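Please look at the sequence and the structure shown here, and keep both in view while reading the report that follows.

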Amino acid sequence: MKKIEEIFDIRKNDIISITGCGGKTSLMTSLALSLRKKGRVLVTTSTKIALPKDGFDRIYHSFDSYKYDKLESLVCLGEKVEGKDKLQSLGYDKLKAILGDFDYVLIEADGCRNLPLKFWYDHEPVIYDFTSKLIGVLPIKILGRKTNEEFIYNFQGFSKNIGSGIIDNKMINKLIAYEKGFYKAFDKDKYFFFNQVESRKDYERIEEFKKDFAFKDIKFTYGSIKEGKFYEN
């Protein structure tokens, strides 16, 4: 077991984008809380995120309201979505202009409407070219479930491109391999994180999945954000 920043090999000045479902926001928040001990951390999005309620030194609701303050070690910044408790992207140029204010930047790069599985529409994920690390997230609890539109975001896209029936290791590998999905032409440091690994059955599934994991250019990691346990293959 390792610290959360260790399994993703995070270094100062890293810009980390996170895609997938079943723990994106929780992973980003856990990373932020850990990394703030080492430097200034920015949490933001290239699409939309739920407006955080606490845990931050400052939550900025617009780019125009942002001011550098070295005493603020953990900052959330985005443009407030009118009428909703959400923040949307600052946009590429505005975010790039303030990257130097922070030691670590965490970007939520797609959405899933709080569903545990998804397939991507053409406009997502939005991965900026200054991203240095990309983490794809899924919950292990989806293994063994039968595909259903009630728990899969963009169910039609998933069925057409990945398949239908019982979700198994082969299906997850196919989802990871989808060229416009988790990693969308990203060619730097890539990680896959299986979240919600908590029961004995979950750990048994991990051991089986390790044997089938088919990607030499992606580091396989797993654990439980809820329990604060993180492992690497």
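Predicted model: local features only at pLDDT ≥ 70, side-chain atom pairs only at ≥ 80, totals over all residues.

## A buried charged pair

At 0% relative accessibility, Asp 110 counts as buried, where buried means under 20% relative accessible area, exposed over 50% and partly exposed in between, with a 1.4 Å probe and protein chains only. Lys 24 is likewise buried, at 4%, and its side chain meets that of Asp 110 in a salt bridge of 3.4 Å, N to O; a salt bridge here is a side-chain nitrogen of Lys or Arg within 4 Å of a carboxyl oxygen of Asp or Glu. Lys 24 lies in helix H2 and Asp 110 in the loop between E8 and strand E9 (117-118), 86 residues apart.

Residues are numbered from 1 along each chain as its sequence is written, and side-chain values use heavy atoms, with hydrogens and water left out.

## Other salt bridges

By the rule above, the count comes to 18 salt bridges. One of them joins Lys 2 and Glu 232, with the closest N and O atoms 2.6 Å apart. Because Lys 2 lies in the segment before H1 and Glu 232 in strand E14 (residues 229-232), the pair ties together parts that are 230 residues apart in sequence; helices (H or I, at least four residues) and strands (E, at least two) are DSSP runs, numbered from the N terminus. Lys 2 and Glu 232 also belong to a network of salt bridges with Asp 9 and Lys 219.
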